[in-house]
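Thank you all for coming, and please have the sequence and the structure open while I talk.

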Amino acid sequence: MGRLSTLFGPERVAVIGATESEGSVGRAITSNLLASFDGEVLAINPNADEVLGLPCHDGIEEVDSPGTVDVAVVVVPPHIAVDAIRQSGEVGIENVVVVTAGFGETGSDGAARERELREVAEEYDLNLVGPNSLGVMSTPAGLNATFGNEMATEGDISFMSQSGAFVTAVLDWAAERDVGFKDIVSLGNKAILDEGDFVAEWGEDPETDVILGYLEDIDDGEEFIRTAREVTRDTPIVLVKSGRTDAGASAAASHTGAMAGSERAYEAGLEQAGTLRVESVQELFDYAQILSGQPLPDGEEIAIVTNAGGPGVMTTDAVGDSDLSLAEFSDETFEELRETMPDAANIYNPVDIIGDAPGERFESALETVLADENVSMAVVVACPTAVLSFEELADVVVEQQRQSGLPIATTLMGGKSVGAGREILAEAGIPQYFDPARAVGSLDALTEYRNISEREFQAPATFDVDRDRAREVLQSASRRDTNRLGVEAMALLDAYGIPTPQGAVVDSPGDAEAVAEDIGEEVVMKIVSPDILHKSDIGGVEVGVPPAEVRDTYEDLVVRARNYQSDATILGVQVQEMADLETGTETILGMNRDPQFGPLLLFGLGGIFVEVLEDTTVRVAPVSEPEARDMLDDIESAPLLKGARGREPVDEAALVETVQRLSQLVTDFPAIVELDINPLVATPDGVKAVDLQLTLDQEEL
Amino acid sequence: MTDTLLVTSTEEGIGKTAITIALAKAAQEAGKDVGYMKPKGTRLQSAVGKTRDEDPMLARELLDLDAEMHEMEPIVYSPTFISEAVRGREDPDEIRERVVENFDDLSADCDTMLVEGSDNLETGGIVDLTDADIAEALDARVLLVCGYATPGDADEMLAAADRLGDRLAGVLFNGVTESAMDELDNDVIPFLEGHGVPVFGALPRVQDLAGITIGDLARSLGADVLTSDASTDVHVERFTVGAMGGNKALDQFRRTRDAVMVSGGDRSEVQTAALEASGIKALLLTGGFRPASAVLGRAEKKNVPILLIQSDTRTTIDRVEDVLHSGRTRDTETVTRMQELLGDGVDVHSLLHLSE
């Protein structure tokens, strides 16, 4: 049992701020509790003697053995809410649901109040929901500590929402559709308990089969990934994360006051956390229903059984769009279908048992295909005909699903004729849709979750690195008046074992010549200035300079940089051995620290066209070896690395290790907020980091 | 005999006022009777009553002088004055006489007289009263305050030295960044001295002098401070404009330091991004649009003040640029801090001829 089990399964609930005043939140909560809660409800209000038939107490400390109150629901006005929470803490109540609004979401005074609330909650170690929450619900105990107007029906879905209004909407909607819930929580401002806490709680709750969430931001993405990764082995998590678009992000920022964070980080982070991310409310509940009602498939192969040619084709298209594949039947299956189906039927997948099919023909066809070991799941698509009763068909599907133990989704393409069939299917947990694409989408989600639950998580490797040296390099930069560092910080990469070409940053033509002579062949020379971002655009890079011309080139580079920006800080010129671009592939390896998820690693095709081609992939660091390897395979141009068109393949192992080493570097130093190695040249003999740019958060250092 | 030191500079906003008043304070502390004058008022404020330069007002207050403002600042170098001078309606000789007369009055009982120059060495040429002309008229020694960025700046210094001739007592570098300091010390100062330009020293750039507090910025702009708990004592030195989407904006904001972020009040995603970047010390919202209250709450939590101004972003940027660029000597603390820096880096006694 989790830490929050008494929050959702209390015996005594006190409403601080209970009132009879018509239209008030305090009344709504009290009457909702009285309507269905199995346990004891206590009313607290110094200004009333009785509320809705309950005797009223002046303060929480006045009730009998106040320490045994399991949950205090706070509905008093904001200026006395923190006192009410403190008193609850003092008498020993552990769970507090703060419905009162008027905290951080309302501006300065509210923010101060929320800070106070947080301090009190931390002092008494409270499990605090909200503030600015609609409340909590839990169906087994009939607990409805919300001011919504609908109590959930019982079920095995637990649901959290960052919007209270959305909870009421969902409940209203669910009431019509046989969607039942275990626990529901409106997260409010997430001052103490946030999405991660509830995911952890429900992960341990045997009565919760599916976790749903509507989120606008995630407080601590790294922690969320850690928690969710554990939970999703057994319990699927389906999330709507709104604010995907720029306009949506702005709306979310106004609503929560938090930066929405980058969409790419969410996509990667939620993927790594093992959650199923959906984009619409419809998908949220489609996935929830099939995950709670159907077993997981053991493969991707789907069989389609239909009485209608056209819808059969539509269904096949939907399969093509998904990660599922059409099952290829065995010879025995064909044989049996040939025997049992009419000649006009199509016995190949999709199986079209034609318009005159009665329920028995569906039964026979389904039984045959579900017995085929190449079939992992099925979708039944039926249009209403005079010879088919949907009620009968529903019975057939339920029976066949039970016998086979394989997941099935149905598409009964009708309106009123679906009637009783819908109820039979719902009762058995078999989803039913009008649109075949939704049925296939749901089965696809089921398969995706199967893959997630089987994921083996490997811990990121730790390399032997020179952390002190890296810290010195970063600190030397903080003495300058900039947050930007360039190749002058190459030693940072050396310290973490990321190979760099031979070379040095020098500040006189003589030194430049000496370095070039040391290298002994043609060199690359680059201006080094934190103020000049695109060096090649201003002629700040010269490639293939013979040692004899190094002095003059030094002069040229400095003059060009000065002409471009007269007040630029010029640290000198970098003289570097030439990278082998003939056999090498230019890649980019970088990191951008996301406000929610932390370090987001980026890998892709590099060089000067990186912004045009945008062939990149991201992961939240730290990454393990398989994750780093996945990044290489993810990009469109992966074949280039593997030796397309007769080229020698690059040293992938070295590339993977470099990704891991950078992952360790950016995890070790939160002060690095942005870093790009572009290009990271990969050759058959290894990799070399040719150029570096990074941004530091000086205050973090 | 009164010793007169005129403090001039090659560019405006380099710390003339703070240095002049700090030197005056140092002389006072050494027991001297000190006077102050700024013949050409250029930093004009017309907020209260007559248009006046604010520097003499500050000097008067900090040095506890009872001289009349119009004596301390005989020329109000306003746009009107300039137009009239160009049209030939101002008489240079008469003006010069007025300056000298006022100076004589002010310096009558003083051991040390500090005269603050205006903007740069060219200012005042239209009435034959550049700082060099004034030094000549008042028989003043000249302290030339310069910034330093690159060795090429030496050209300008040599030209200025040439112009000031024998009146140049020496150069004082101010606001030198740590990265430029070595080069200045090792290469440039010896070079200047080799060319007969004496150098008194180089003062490092320090944050509390380089910037302006957010509170002062709000006052200068007439902006409302919407947050109530977030501290407005933090200094900002530059501004950045939030004109792009949230994540692009975050990259930009992270690259800057000690900055105020200017954007429209309706851009929640840009505002919240700014609150994530530690280099952004304040948000200045334009157009009179109040931010979403949740954003305001977030700002309090992050201890980053939000200022609101009615003007549009374009106009606001110009005004912020003005405030950040023009000098920032506003209070006793600035002058005290400057005095400490001078004490550490410069032989103030010999600079002010105090021992004589």
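How many salt bridges are there between chain A and chain B? The count is three, where a salt bridge is a side-chain nitrogen of Lys or Arg within 4 Å of a carboxyl oxygen of Asp or Glu. One of the salt bridges joins the side chains of Arg115(A) and Asp229(B), at 3.2 Å from N to O.

Before I go on, a word on the source: this is a predicted model, in which local features need pLDDT of at least 70 and side-chain atom pairs count only at pLDDT 80 or more, while totals for chains, interfaces and linings use all residues. Residues are numbered from 1 along each chain as its sequence is written, chains are lettered from A and ligands numbered from 1 in the order in which they are written, and side-chain values use heavy atoms, with hydrogens and water left out.

Let me stay with the two chains together. The model scores ipTM 0.73 and pTM 0.80. In the interface, 44 residues of chain A are in contact with 35 residues of chain B, contact meaning heavy atoms within 4.5 Å. The size of an interface is often given as the accessible area lost when the parts come together. Here chain A and chain B bury about 2900 Å² between them, a figure that is the accessible area (1.4 Å probe) lost on being put together, summed over both, and 47% of it is on carbon and sulfur atoms.

As for confidence, chain B averages a pLDDT of 86, and 95% of its residues score at least 70; pLDDT is the predictor's confidence in each residue, from 0 to 100. Where pLDDT is low, the predicted coordinates should not be read in detail. When I name helices (H or I, at least four residues) and strands (E, at least two), these are DSSP runs, numbered from the N terminus.

Now to the sheet in chain B. Six strands form an open sheet in the order β2-β7-β1-β8-β9-β10, with parallel pairing, and two strands are said to pair if DSSP finds at least two bridges between them. At the edges stand β2(B), residues 34-37, and β10(B), residues 199-204, each with a single partner strand, so one side of each is left without a neighbour in the sheet. From one strand to the next, the twist averages 20°. Strand β9(B), residues 168-176, runs parallel to β10(B) and is joined to it by four bridges, with Phe173(B) standing opposite Ala202(B). Helix α5(B), residues 92-107, lies across β1, β2 and β7 of chain B and runs at about 160° to β2(B); such angles run from 0 to 180 degrees between N-to-C directions, with axes fitted to C-alpha atoms, for helices over the stretch in contact. Helix α6(B), residues 131-138, also packs on the sheet, touching β1, β7 and β8 of chain B, and its direction makes about 175° with that of β1(B).

Turning to chain A, is strand β11(A) buried or exposed? Six of the six residues of β11(A), residues 181-186, are buried, so the strand is largely enclosed by the rest of the structure; buried means under 20% relative accessible area, exposed over 50%, and partly exposed in between (1.4 Å probe, protein chains only). Strand β8(A) pairs with β11(A) in the antiparallel sense over three bridges, and Val136(A) has Val185(A) as its bridge partner. Strand β10(A) pairs with β11(A) in the parallel sense over five bridges, where Glu154(A) stands opposite Phe181(A).

Chain A also has an open sheet of four strands, in the order β22-β25-β23-β24, with antiparallel pairing. Its edge strands are β22(A), residues 503-506, and β24(A), residues 541-545, each of which pairs on one side only.

Finally, two single residues. Ala252(A) is placed in helix α8(A), residues 246-256, and counts as buried at 6% relative accessibility. Gly13(B), by contrast, lies in the loop between β1 and α1 of chain B and is partly exposed, with a relative accessible area of 37%.

Key: Buried area is the accessible area (1.4 Å probe) that two parts lose on being put together, summed over both.
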